[in-house]
Amino acid sequence: MQRPAKLPEPDADARAASAALTARIRANIAAAGGWISFARYMELALYEPGLGYYSGGAAKFGAAGDFVTAPEISALFGRTLARQIGQVFAASRPQVLEFGAGSGALAATLLTELEELGTPCERYAIVELSGALRARQQATLAQAVPHLAARVEWLDTMPDTIDGCVLANEVLDAMPAHWVTWRDSALLERGVAAGTTGSGSGLVVAERPAQGALREAMSGLAADHKLTDAYTSEINLAASAWIATLAPRMRHAMALLVDYGFPAHTYYHAQRREGTLRAHYRHHALDDPFYLPGLCDLTTHVDFSAMALAAEQAGLEVDGYTTQARFLINCGITELLGHSDPQDMRRHGLLTQQANTLLSPAEMGELFKVLAVSRGMRHDWRGFSDGNRVHTL
Ligand SMILES: C[S@@+](CC[C@H](N)C(=O)[O-])C[C@H]1O[C@@H](n2cnc3c(N)ncnc32)[C@H](O)[C@@H]1O
């Protein structure tokens with residue numbers, strides 16, 4: 001597996017936390033008889049209480065962290081998104097339910113902008129798995145929007161009934177995925193065992209014949225996309241199951257799922273034979289998922305066809321699917337930019353640069369997609385008025 005020659009060194013505390021998590025992963029492997037699925041490994045590496053990447057103390061987002069998300073790049077993202085959410089509020093109730101709210105930046109921007117647009121959000125609920133992130137979100141909101149912070153509440157699980165707008169920005173890619181290989185006529189699940197590797201984590205890949213729902217999914221994909229010889233990729237059963245859990249709770253609600261990914265025919269294209277699984281460490285993308293467990297983010301791209309299918313099977317309507325660039329342009333990001341004063345060269349230059357990162361095909365514009373699914377709502381959403389690619393799913 002490839003890794004850049006020189007990666008920033010973690011400090012002694014971070015290294016010790018990673019060693020403690022690795023020991024716990026090895027104990028899980030031993031207790032399970034010598035092998036755990038990659039999905040279980042990813043769950044432990046990201047969400048093990050106190051030690052996992054998202055549940056531990058790593059900086060994660062921003063310049064000091066490992067990656068940057070759209071709400072961290074620019075408030076333009078949330079301000080533009082607010083224009084779509086206002087339309088959802090008018091058709092339902094003025095409520096937002098955000099999953100995995102990161103630093104709280106998106107919530108702060110949305111609460112402010114919705115107020116300014118005259119479509120105030122009355123209740124903003126956040127489902128956050130990480131106690132550390134919940135505390136960070138509370139601090140962000142208390143600092144950025146003290147007068148609106150009382151409208152925000154944190155939930156440990158999905159509410160039973162959901163009205164209004166559901167948001168999940170870069171959440172599906174962080175759900176534990178299965179790692180799989182099609183080789184000759186064998187359908188193999190890649191798991192994790194104890195052993196010696198270059199990464200020094202004492203963890204190695206070990207393959208087994210895939211079973212149950214995973215095997216079924218692999219057979220279907222092999223038939224649809226002619227996957228045979230030495231083709232490795234991922235299948236995110238947890239993300240499909242998450243949509244199946246969300247769907248029956250949605251009454252008059254529209255969910256916007258934003259993430260990097262493709263339709264199945266691109267995801268499982270013959271040329272993408274190494275899959276999309278990556279580790280992110282201090283703004284380096286690595287293809288070794290065992291490097292410093294707990295200090296690296298692990299992600300896979302999203303198969304949006306599978307997400308749309310899960311939504312449909314659970315009784316939702318699939319209203320729209322388009323690129324992030326097209327969605328933001330449809331929602332009016334260009335007009336928003338037009339309000340910035342070009343005489344204020346520093347601010348205008350910065351906003352233009354941020355918009356470029358969100359929109360450029362070479363950056364987030366094309367790779368990131370927006371999928372809208374709903375129940376009991378209208379379907380002519382502003383964000384998909386032009387360039388709706390739902391037929392490609
Ligand atoms: C890459 S971060 C994105 C954070 C934020 N939305 C942003 O854009 O900056 C992924 C987030 O998804 C959260 N997450 C993953 N699975 C989740 C689930 N089932 N429910 C709620 N949050 C989840 C993680 O805890 C993490 O906070």
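Helix α5 passes α6 in a right-handed crossing. The model is a predicted one. In it, α5 covers residues 105-116 and α6 covers residues 131-144, and the two pack at an angle of about 30° with their axes 9 Å apart. Angles under 35 degrees count as roughly parallel, so α5 is roughly parallel to α6. On the α5 side, the contact is made by Ala 105, Ala 107 and Ala 108. On the α6 side, Gln 137, Thr 140, Leu 141 and Ala 144 take part. By class, the residues of this contact are 5 nonpolar and 2 polar, with no charged residue among them.

Helix α5 also packs against α4, which spans residues 75-91. Here the angle is about 55° and the axes lie 8 Å apart. The helices α4 and α5 are therefore oblique to each other. The crossing of α4 past α5 is right-handed. From α4, the residues that meet α5 are Ala 75, Gly 78, Arg 79, Leu 81, Ala 82, Ile 85 and Gly 86. Their counterparts in α5 are Leu 106, Thr 109, Leu 110, Glu 113 and Leu 114. This contact of α4 with α5 divides into 7 nonpolar, 3 polar and 2 charged residues.

In general, packed helices are described by the angle between their axes and the distance between the axes.

Next comes the ligand. There are 19 residues around the ligand, and those that come nearest are Thr 69, Gly 100, Gly 102, Asn 169 and Ala 174. Sorted by class, the shell around the ligand holds 12 nonpolar, 5 polar and 2 charged residues.

Strands of a sheet pair through backbone hydrogen bonds, in either a parallel or an antiparallel way.

Which residue of β13 is the bridge partner of His 280? The partner of His 280 is Asp 297.

Technical notes
Residues numbered from 1 in each chain as written. Predicted model: local features only at pLDDT ≥ 70, side-chain atom pairs only at ≥ 80, totals over all residues. Axes fitted to C-alpha atoms, helices over the stretch in contact; angles between N-to-C directions. Helix = DSSP H or I, 4+ residues; strand = E, 2+ residues; numbered from the N terminus. Parallel < 35°, antiparallel > 145°, perpendicular 65-115°, else oblique. Left-handed = near helix turned anticlockwise from the far one by under 90°. Contact = placed C-beta atoms within 7 Å. Nonpolar A, V, L, I, M, F, W, Y, C, P; charged D, E, K, R; others polar. Near = placed C-beta within 6 Å. Pairing = 2+ DSSP bridges.
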